[in-house]
Amino acid sequence: MQRYTIGILGGMGPLATVDLYRKIIELTPANCDQDHLHVIIDADPRIPDRTAALLGNGPDPTPWLIASAQRLEAAGADFLIIPCNTAHAFLSAVRERVSIPIISMIEETAEQLSRLVPAGSLVGILATTGTIASRLYQDALTRRGLEALVPDPDQQSLVTRAIMRVKAGKLDAETTELALAAGRWLVHCGARALVLGCTELPLIFPQDALSVPIVDPTRLLAEAAVAIARGQRPLPSKVSSGHAVSTRKVSAEQA
């Protein structure tokens, strides 16, 4: 059976990277070490904050993301996955600079939702302010006949606090309650499903906490990666947005 090597462009944050790798391991049928998949991880937490960049309050993380992607390609990865929803706002630029495909967790999640809820449904999005401002999920859902429902500013502040607490290692009841409160608000406003659209949130958000399906993009990305790596799903063609792909290396120090 053809097997492919997974490259994880991680560090955003470190716990989210661990969560993705753990899910890959758990989803891989294995009776011994040798049954598991070859995974290369480049976890660089120095990558500048993606939300700050999108809101005009911080440096552009694109050179750092490109450098990490190129390191993974040079190390032998056949395709890449990124356990950070907000980083997908920079995905097109990264794809331009590598010759291997990058699987989008946004597209994987939107596809799953199109099968999970009826057309026209409201889907609640819990995510960073940067992810919401860049309309990653709103546009992906619209293309599939669904409508995104995002928190109001007060509820979004709860989500942001929860995310930052996870990044600080505070995986406790207080952190969970912050995220749950925003989730309950979205359900009250009519959401038929809820997306944990920041990779920190699955670490503290119970899957059975609400009356609607809760979708974990990290798990969906892990499922896609395992299927591709095991040859059960075709390795996607390289996506380059119709432009030539440069092979010039970019150093993170250029950020």
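Which residues does the domain assignment of the protein give to domain 1, and which to domain 2? In this predicted model, domain 1 takes in 6–104 together with 218–230, while domain 2 covers 105–217. The C-alpha centres of the two domains lie 20 Å apart, and contact between them involves 24 residues of domain 1 and 27 residues of domain 2. The area buried between domain 1 and domain 2 comes to about 1,900 Å², with carbon and sulfur atoms giving 58% of this area. On the side of domain 1, Asn85, Ser104 and Leu220 supply 35% of the area buried against domain 2, which is more than any other three residues.

An open sheet is formed by 4 strands in the order S6-S5-S7-S8, with parallel pairing. Strand S6 (147–149) and strand S8 (214–215) each have a single partner strand and stand at the edges, so one side of each is left without a neighbour in the sheet. Strand S5 (residues 122–126) pairs with strand S7 (residues 193–196) in the parallel sense over 4 bridges, and valine 123 has alanine 193 in S7 as its bridge partner. Across S5, S7 and S8 lies helix H5 (residues 105–116), which runs at about 165 degrees to S7.

The cysteines remain to be considered. The structure holds 0 disulfides; for cysteine 84, which is in none, the nearest cysteine sulfur belongs to cysteine 198 and is 6.9 Å away, whereas a disulfide would need the two sulfur atoms within 2.5 Å. Cysteine 84 counts as buried because its relative accessibility is 5%, while cysteine 189, at 34% relative accessibility, counts as partly exposed.

Methods: Residues numbered from 1 in each chain as written. Predicted model: local features only at pLDDT ≥ 70, side-chain atom pairs only at ≥ 80, totals over all residues. Heavy atoms only, no water. Pairing = 2+ DSSP bridges. Helix = DSSP H or I, 4+ residues; strand = E, 2+ residues; numbered from the N terminus. Contact = heavy atoms within 4.5 Å. Axes fitted to C-alpha atoms, helices over the stretch in contact; angles between N-to-C directions. Buried < 20%, exposed > 50% of the residue type's maximum accessible area, 1.4 Å probe, protein only. Domains from an automatic or database assignment. Buried area = accessible area lost by both parts, 1.4 Å probe.
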